[in-house]
Amino acid sequence: MITYDPTAKPTIEYVPVAMTGQQSLMGFHRHLLDDPIRTKAFIDAVTKTVRNGDIVADLGTGSGILAMACARAGAKRVYAMESNEIIEAARQLAHANGLSEQVVFLRGESTRTTLPEPVDLVVTECIGLMGPGEMEGALNDLTRRHLKPNGRVIPASISQFLVPVEAARHFEYVHCWSNREVYGFDFSPLQAIASNNVYVAWLDTSSFLSDFQPVGSSAFPSTGSRPVNARLEFEVLRAGQFHGYCGWFEADLGGGIRLSAAPTDAPTVWKQVFLPLETGLSISVGTTIRTDFGFSTVASPNEQPPHLRWDTEVTWPDGSRRVLSQSTIKSIDACFGPPFARGNSRAQ
Ligand SMILES: C[S@@+](CC[C@H](N)C(=O)[O-])C[C@H]1O[C@@H](n2cnc3c(N)ncnc32)[C@H](O)[C@@H]1O
């Protein structure tokens, strides 16, 4: 008998797009289902939150796992919304599990889809880097148009956290372009793009140079997406090399269920986010790091795209200072040029 162990190290590393037509099923969605922390947390939350007879919308149903969990928990009807072809596989799964009467599949972008009736609950696992990501705009649109007054949302809220870190291997990976020939060619112009980018990585608490701090929180349903703009002050607690920041999210899924991508908790598909510094800095106990952190998940009124910004001011105990200004907008500008170069890079 074949046993299914989601914690086992996979022997297959990569599923190519070519010729399968269902790359997202065998690659991305399998990867999601293989994360028991993520998947069980959402299924437990759905099981606790769904009331008998509820009308539910599952925004980004993917394999249909949460839509099926809602149906099994007593929902009268679940609108399973999905833009990707994976929805056809989800439809087959609902049928195989005897749930096709309750689950109604709607293929297309949720923002262009109209539900035939208002819903009591919206559930979505479209959590991106450091939390809300691209989901915020679509979720707010759906709840505004279709959630009943006093309707509920899973997740109920998402909070984000940041801490300065010493992470030599991550830093070296990011800084591989400067002062280095690549097969006899100068690739150093790529360094600014690489340094103003966000990386998904594993980090652990031994890399922390200070206590971590909350940077923002979004509660759902929400009336609109608010960019995060946080001014943080970190007191350095150990000497080391300051290489960048580690960021992560924690979601309150309701019913007392919490889903965390923190390095202190069990690993999830999200891992953590590494925001590199343009240059590594030697710091000592008593150094102060002031960080101006911005996170905008939707295009802003001055037409800036979604972006992350991390401006850093380091003040050493002897009073000397260093200021670094970094943003993914710089990467976007370097790749695409204006229009994003106009004005400053601050989130609005
Ligand atoms: C991270 S997956 C989650 C899938 C599934 N709910 C689960 O928990 O395993 C998010 C899915 O949402 C879909 N998606 C994201 N935004 C969407 C939108 N605005 N409308 C429809 N589908 C969307 C993506 O195609 C993707 O399949």
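Which element gives the most to the shell around the ligand? The points below take that up, then turn to the aromatic pairs and the backbone. The model is predicted.

1. **Shell by element.** The answer is α1, with three residues. Two elements give two or more residues to the shell around the ligand: α1 (23–33) and α3 (65–72).

2. **Shell by residue.** The ligand is surrounded by 19 residues. Arg38, Gly60, Glu82, Ser110 and Glu125 are the closest. Sorted by class, the shell holds eight polar, seven nonpolar and four charged residues.

3. **Polar contacts.** Glu82, one of the closest residues, places a polar side-chain atom 2.5 Å from an oxygen atom of the ligand. Ser83 uses its backbone instead: an N or O atom there lies 3.2 Å from a nitrogen atom of the ligand.

4. On its own, the ligand exposes 600 Å². The protein buries 86% of that area. The space that the ligand takes is the second largest pocket.

5. **Aromatic pairs.** The count comes to nine aromatic pairs. Tyr173 and Tyr199 make up one of them.

6. **What the tyrosine pair links.** Tyr173 belongs to helix α6 (residues 168–174), whereas Tyr199 belongs to strand β9 (residues 199–201). The pair therefore ties together parts that are 26 residues apart in sequence.

7. **Cis peptide bonds.** Where do the cis bonds to Pro155 and Pro221 fall? The bond from Ile154 to Pro155 is cis, with omega near 5°. Pro155 sits in the loop between β5 (147–154) and β6 (157–165). The bond joining Phe220 and Pro221 is also cis, with omega about 0°. Pro221 sits in the loop between β10 (213–219) and β11 (228–235).

8. **Positive phi.** Which residue has a positive phi although it is not a glycine? Tyr183 does, at about 50°. Tyr183 is in the loop between β7 (181–182) and β8 (185–186).

Methods:
Residues numbered from 1 in each chain as written. Predicted model: local features only at pLDDT ≥ 70, side-chain atom pairs only at ≥ 80, totals over all residues. Heavy atoms only, no water. Near = heavy atom within 4 Å. Polar contact = N/O pair within 3.5 Å; in protein donor to acceptor, adjacent residues only side chain to side chain. Areas by Shrake-Rupley, 256 points an atom, 1.4 Å probe, with all protein chains shown as cover. 1 Å grid on protein atoms, 1.4 Å probe; cavity = no way out; pocket = protein on both sides within 12 Å on 5 of 7 lines; lining within 4 Å. Sits in = over half its atoms within 2 Å of the grid points. Helix = DSSP H or I, 4+ residues; strand = E, 2+ residues; numbered from the N terminus. Nonpolar A, V, L, I, M, F, W, Y, C, P; charged D, E, K, R; others polar. Phe/Tyr/Trp six-rings, centres within 6.5 Å; stacked < 30°, edge-to-face > 60°.
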